[in-house]
Amino acid sequence: MAHLLSTSCSIKVSTGCKPYSLPYKQDLSAFPTSLTLQASESPFTRLVSRGEKHQRNYTVHATTLPVNKEGPTQPSSGSHQTLKEPSKPQRVMVIGGDGYCGWATALHLSNKGYEVAIVDSLVRRLFDHQLGIDSLTPIHSIHNRLRCWKSLTGKTIELYIGDICDFEFLSETFKLFEPDAVVHFGEQRSAPYSMIDRSRAVYTQQNNVTGTLNVLFAIKEFREQCHLVKLGTMGEYGTPNIDIEEGYITITHNGRTDTLPYPKQASSFYHLSKVHDSNNIAFTCKAWGIRATDLNQGVVYGVRTDETEMHEELCNRFDYDGVFGTALNRFCVQAAVGHPLTVYGKGGQTRAFLDIRDTVQCVELAIANPAQPGEFRVFNQFTEQFSINDLATLVTKAGEKLGLNVQSISVPNPRVEAEEHYYNPKHTKLVELGLKPHILSDSLLDSLLNFAIKYKDRVDTKQIMPSVSWRKIGVKTRTIAA
Ligand SMILES: NC(=O)c1ccc[n+]([C@@H]2O[C@H](COP(=O)([O-])OP(=O)(O)OC[C@H]3O[C@@H](n4cnc5c(N)ncnc54)[C@H](O)[C@@H]3O)[C@@H](O)[C@H]2O)c1
């Protein structure tokens, strides 16, 4: 039985929550601080089982406040809404709501009038702790974040702290919150992390695949009509030498024609976990009539959304290190601290990208226009594509305008991937639902760079170079912190 400590952290409105006035104070008190990884068979499992033994009651149900009575506003940019106006606010569970995409999304949905609950094990903060890395931006504890949000807007976001791989815990959250939609961001999401060593590879697949399976079973058992909005990745497709469709491709073979799932060619144990998730979700849509949307998201950049910039305590995380940092965010930080931009190999690797403001918009559109029962819908969630060399050029030019001397270097590619290739993925379905993309502009690059400059004293330059090699992965548990 999972124990929910109801109201033990009932949200109290913080009077000290003044915009941009408080000094940074990071709260990691929930995590053990003496963790070493070198000798551990499975560092993460060890921590979790410790949590289960001694902190089985660590789950917190942190809400006592009245819910917002207004229904959700329709997505600002949506034009083809198929959802009937709900009589009461839709209840959206955001799994992984303490993370980069999840935090921005939870706030956005709350702001739009949805009743939101965050479910998160806070394991991402633990990874940082394990690897000796930190967000460029100072991020506050989830409890402070939620208190601040309540204080600024009067809106409550419920909080359930626990691991979705623990089905008892997840069942309790479903029974208590009764979600109409679940947005599932709650996975180990770094390809390099999954390639550090065997234990991280196994952990990534166990965490991601089991967590998603549990969500599917919870929907079947407790909320059959609940719409699953699952974050997949464009990396599931790999880089085939043909156009990439949105989820499905129609093939004629030996005179017969069928529409089939688009072939997947994942390039890390992380990406493979996403492919397994997609297959499990597709199967349960068919077998049980689950309604699901798989959002194959591109690489996300940016840090600010309308909601996170309301207060310093709401600030989102911004990863720049070689394990969790994504390309454009990394390049901006590198430019800000005078580190050469680290182009992997030839730099012709082309990927799909989107602004974090579009992540939240896309998720809202998916929720407002749900899949039908039994439908496994796939959207390619990105707005533009760039090669790594394109990004380096853009950041160099933007940096020069700010007086920075930006250089690029080619570093040996730690990944196994094509460095020059064809890339043409489709991405029309979210636009048809009303997505108004934020295109990567000079002004956005300026603002990203200025952001990186603002926090450059927090940069640990030892974390910039890639430290995980696809080819050198082995059985032995590695520590990669400098
Ligand atoms: N950030 C990107 O550029 C990007 C690109 C494509 C896809 N995605 C996908 O979007 C999702 C969110 O990515 P992100 O960048 O916000 O990651 P993140 O690491 O910042 O956040 C993930 C959150 O999920 C939580 N979590 C992980 N496992 C959990 C579990 N078993 N139970 C409960 N909570 C758990 C973590 O504590 C963390 O707060 C991931 O599924 C990722 O694969 C992200």
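Modeller: The ligand is surrounded by 27 residues, and the closest of them are G96, G99, C101, R124 and R189; a residue counts as near a molecule or strand if its C-beta atom, placed from the backbone, lies within 6 Å of it. Please keep in mind that this is a predicted model, in which local features need pLDDT of at least 70 and side-chain atom pairs count only at pLDDT 80 or more, while totals for chains, interfaces and linings use all residues. Residues are numbered from 1 along each chain, in the order in which its sequence is written.

Several elements contribute to the shell around the ligand, for α2 (100-111), α3 (123-131), α7 (198-222), β7 (227-233) and β11 (299-301) each supply at least two residues. Here helices (H or I, at least four residues) and strands (E, at least two) are DSSP runs, numbered from the N terminus. The largest share of this shell comes from α2, which gives three residues. Sorted by type, the shell holds 10 nonpolar, 11 polar and six charged residues, where Ala, Val, Leu, Ile, Met, Phe, Trp, Tyr, Cys and Pro count as nonpolar, Asp, Glu, Lys and Arg as charged, and the others, Gly among them, as polar.

Of its 482 residues, 50% count as buried; a residue is buried if 20 or more other C-beta atoms lie within 10 Å of its own, exposed if 12 or fewer, and partly exposed in between, with C-beta atoms placed from the backbone. Among contacts between residues at least 6 apart in sequence, 84% join residues at least 24 apart, and two residues are in contact if their C-beta atoms, placed from the backbone, lie within 7 Å.

β11, one of the elements that supply the shell, also belongs to an open sheet of three strands, whose order is β11-β13-β15 and whose pairing is mixed. In this sheet β11 and β15 (384-387) stand at the edges, and because each has a single partner strand, one side of each is left without a neighbour in the sheet. The twist from one strand to the next averages 45°. Strand β13 (residues 350-355) and β15 run antiparallel and are joined by four bridges, with R351 having F386 in β15 as its bridge partner; strands are said to pair if DSSP finds at least two bridges between them.

The loop between β11 and α9 contains T305, which counts as buried because it has 23 C-beta neighbours inside 10 Å. Apart from residues up to four places away in sequence, T305 touches A104, H108, I356, R357 and V360. The C-alpha atoms of T305 and D358 are 9.3 Å apart in space, although these residues are 53 apart in sequence. D358 is also in contact with H438, as are D355 and R357, again leaving aside neighbours of H438 within four places in sequence. H438 lies in the loop between α12 (429-432) and α13 (442-454), and it counts as partly exposed because 16 C-beta neighbours lie inside 10 Å.

Axes are lines fitted to C-alpha atoms, for helices over the stretch in contact, and angles run from 0 to 180 degrees between N-to-C directions. In this contact A327, L328, F331, C332 and A335 of α9 meet I388, L391, A392, V395 and G399 of α11, and these residues divide into nine nonpolar, one polar and no charged.

Finally, Y193 sits in helix α6 (residues 191-194) and is buried, because 23 other C-beta atoms lie within 10 Å. Setting aside residues up to four places away in sequence, Y193 touches F127, Q188, R200, T204 and V323. The C-alpha atoms of Y193 and T204 are separated by 8.3 Å, and the two residues are 11 apart along the chain.
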